[in-house]
Amino acid sequence: MKKRNALLLTAAGLLLIAAGLLLLRTSNFSTDNLPALPYLLIGVGCGVFGHGAGAGISQHALKNAPEIQKQIEIDQRDERNVQIANRAKGKAYDAMIFIFGALMVSFALMNADLFVILSLVAAYLCVVGISIYYRVKFDKEM
């Protein structure tokens, strides 16, 4: 990531956090349609800020050490490390399918709001649909 992109992400994160705090301070939760919006802005802002700040700090730390930077790039592109990361993602996906299913069933048994249950079902079906799409795509390629 370029230094400019890291600074932009850091600034965007700070702006999102500030907007969330401002909304939290000025909003009237009894009449608002989106009472969770300030918290969402703060959460996304913290994530974007952390990503940008981490990239900027690592760039600054590696600025005077080109041999370490080159070794990190080699390690990130190493076939073995890529294979390990892909296997870990596969195991996490397998676990996620069962966790999402259990969560949907538990919310249904707790008589949760229908919107919440349908949102979970939509997210679950979206993930499964993406999995099927890529399974077919990779099957044709190989």
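On a 1 Å grid over the protein atoms alone, a pocket is an open set of points where a 1.4 Å probe fits, with protein on both sides within 12 Å along at least five of seven lines, and its lining residues have an atom within 4 Å of a point. The structure is a predicted model, in which local features need pLDDT of at least 70 and side-chain atom pairs count only at pLDDT 80 or more, whereas totals for chains, interfaces and linings use all residues. Residues are numbered from 1 along each chain as its sequence is written, and side-chain values use heavy atoms, with hydrogens and water left out.

The domain assignment, which is automatic or taken from a database, divides the chain into domain 1 (1-77) and domain 2 (79-141). A distance of 26 Å separates the C-alpha centres of domain 1 and domain 2.

Helices are DSSP runs (H or I, at least four residues) numbered from the N terminus. Helix H1 (residues 3-26) and helix H2 (residues 37-62) have axes that come within 7 Å and cross at roughly 155 degrees; axes are lines fitted to C-alpha atoms over the stretch in contact, and angles run from 0 to 180 degrees between N-to-C directions. H1 and H2 are therefore roughly antiparallel to each other, a term applied to angles over 145 degrees. The contact of H1 with H2 has 21 nonpolar, 8 polar and 1 charged residues, where Ala, Val, Leu, Ile, Met, Phe, Trp, Tyr, Cys and Pro count as nonpolar, Asp, Glu, Lys and Arg as charged, and the others, Gly among them, as polar.

Helix H4 (residues 79-109) packs with H5 at an angle of about 160 degrees, their axes being 10 Å apart. H4 and H5 are therefore also roughly antiparallel to each other.

The largest pocket holds about 380 Å³ of space, the volume being that filled by probe spheres set on grid points joined across faces, edges and corners. Its lining comprises Tyr 93, Val 127, Ile 130, Ser 131, Tyr 134, Arg 135, Phe 138, Asp 139 and Met 142. Helix H5 (residues 114-141) contributes the most to this lining, with 7 residues. By class, the lining residues of the largest pocket are 6 nonpolar, 1 polar and 2 charged.

Technical notes:
Helix = DSSP H or I, 4+ residues; strand = E, 2+ residues; numbered from the N terminus. Parallel < 35°, antiparallel > 145°, perpendicular 65-115°, else oblique.
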